[in-house]
Amino acid sequence: MIAINVIIGMVLIIIGLSFQVLGALGLIRLPDVYNRLQAATKSITLGAISIAIGVGVMDPTLLTKAILVAVFLLITNPISSHAIARGAYRSGVPLWKGSVVDKYGPALERKEREVKE
Amino acid sequence: MARSPLKIVLTVLVLMVAWMMLTLRTDIDGLVQEIIAGALIALALGIFLSGILPDAGEGNPVKRILMFFVFLLIFFKEMILANIDVAFRVLHPKMPIKPGIVEVKPGMKSDMGKMILANSITLTPGTLSMDYIDDSLFIHWISVEDDPEEAMKPLDKAVKEVFP
């Protein structure tokens, strides 16, 4: 007889793994840096959190540490993806050709002109 | 910047809880030891750090802490929706995406609120925050909607309750 917490932990780990796989698939399928970052950040954050909590549930002595890991992932992952997106745009990585609108480019140019003057 | 006692108390509490979670001990001796060590370290750090931490801001602290949990609930719901959304877009053979960068004006004034909003927007469906220029936030949207401000309203409102 397997304990109930082990089963819940395993389910959480399986959910996390499937999101990770979907995130990796998104990295390959989506067309440009920004879209790929979207898939990567969301799926991989939730996947990693889910796996951490799953391990914590399987072994309750690790649960508090797993929660701390989840909190730090939640804080740091969006920041790094934001930095990559901003850096990519500023170093001239173009948007995908199917993009419909770009409000950022003009605003950035306007701001830089203001700073120069 | 005033060093309000509330700020120091909250900093000490958060640091101490984090410390105790990190060094979880179950025997009574270890527990007492960790509480004393944790309290000392947290107190020292809390007093030093409270100078560089942002101000707590206006509003009733108890209500804001309760609203923070409401915000967490909304946030986790949105985050799970976001992952289902990504899964749908990635697995769909035609990949229904319509990306673009839009500009929205968040309602809050405090820097902390802006940071939390930008971070949580990155993890909610179809959006990735890119930059702040002056007071407007630029968001990369995987499928641009007609009215972006309307789409991010619930989250914006929830963050505004915590960090006005």
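Ala, Val, Leu, Ile, Met, Phe, Trp, Tyr, Cys and Pro are counted here as nonpolar, Asp, Glu, Lys and Arg as charged, and the others, Gly among them, as polar. The structure is a predicted model, in which local features need pLDDT of at least 70 and side-chain atom pairs count only at pLDDT 80 or more, while totals for chains, interfaces and linings use all residues. Residues are numbered from 1 along each chain as its sequence is written, chains are lettered from A and ligands numbered from 1 in the order in which they are written, and side-chain values use heavy atoms, with hydrogens and water left out.

An open sheet of 4 strands, with mixed pairing, has the order 1(A)-1(B)-3(B)-2(B). Strands (E, at least two residues) and helices (H or I, at least four) are DSSP runs numbered from the N terminus, and two strands pair if DSSP finds at least two bridges between them. Strand 1 (101-102) of chain A and strand 2 (127-133) of chain B are the edge strands, each pairing on one side only. The pairing of strand 1 of chain A with strand 1 (residues 100-104) of chain B is parallel, over 2 bridges, and places Val101(A) opposite Gly100(B).

Strand 1 of chain B also runs antiparallel to strand 3 of chain B, to which 5 bridges join it. Here Val102(B) stands opposite Ile139(B), and Glu103(B) opposite Phe138(B). Strand 2 and strand 3 of chain B are antiparallel as well, with 6 bridges, and Ile133(B) stands opposite Ser136(B). The hairpin of these two strands has 2 residues between them, and in it Asp134(B) takes a positive phi near 50°.

In strand 1 of chain B, 4 of the 5 residues are buried; in strand 3 of chain B the count is 6 of 6. In a regular strand, side chains alternate between the two faces of the sheet. Both faces of strand 3 of chain B are covered, with Ser136(B), Phe138(B) and His140(B) buried on one side and Leu137(B), Ile139(B) and Trp141(B) buried on the other.

Two helices lie across parts of this sheet. Helix 3 (residues 63-90) of chain A lies across strand 1 of chain A and strands 1 and 2 of chain B, at about 65° to strand 2 of chain B. Helix 4 (residues 111-122) of chain B lies across strands 2 and 3 of chain B, at about 150° to strand 2. Axes are lines fitted to C-alpha atoms, for helices over the stretch in contact, and angles run from 0 to 180 degrees between N-to-C directions; contact means heavy atoms within 4.5 Å.

The second largest pocket has a volume of about 250 Å³. Of its 17 lining residues, Glu78(B), Pro125(B), Thr127(B), Trp141(B) and Ala151(B) are the closest to its centre. A pocket is an open set of points, on a 1 Å grid over the protein atoms alone, where a 1.4 Å probe fits, with protein on both sides within 12 Å along at least five of seven lines; lining residues have an atom within 4 Å of a point. The lining divides into 9 nonpolar, 4 polar and 4 charged residues.

Beyond its neighbours within four places in sequence, Asp85(B) is in contact with Pro125(B) and Gly126(B). Lys63(B), found in helix 3 of chain B, is partly exposed at 49%.

Note on methods. Points joined across faces, edges and corners; volume = space filled by probe spheres on them. Buried < 20%, exposed > 50% of the residue type's maximum accessible area, 1.4 Å probe, protein only.
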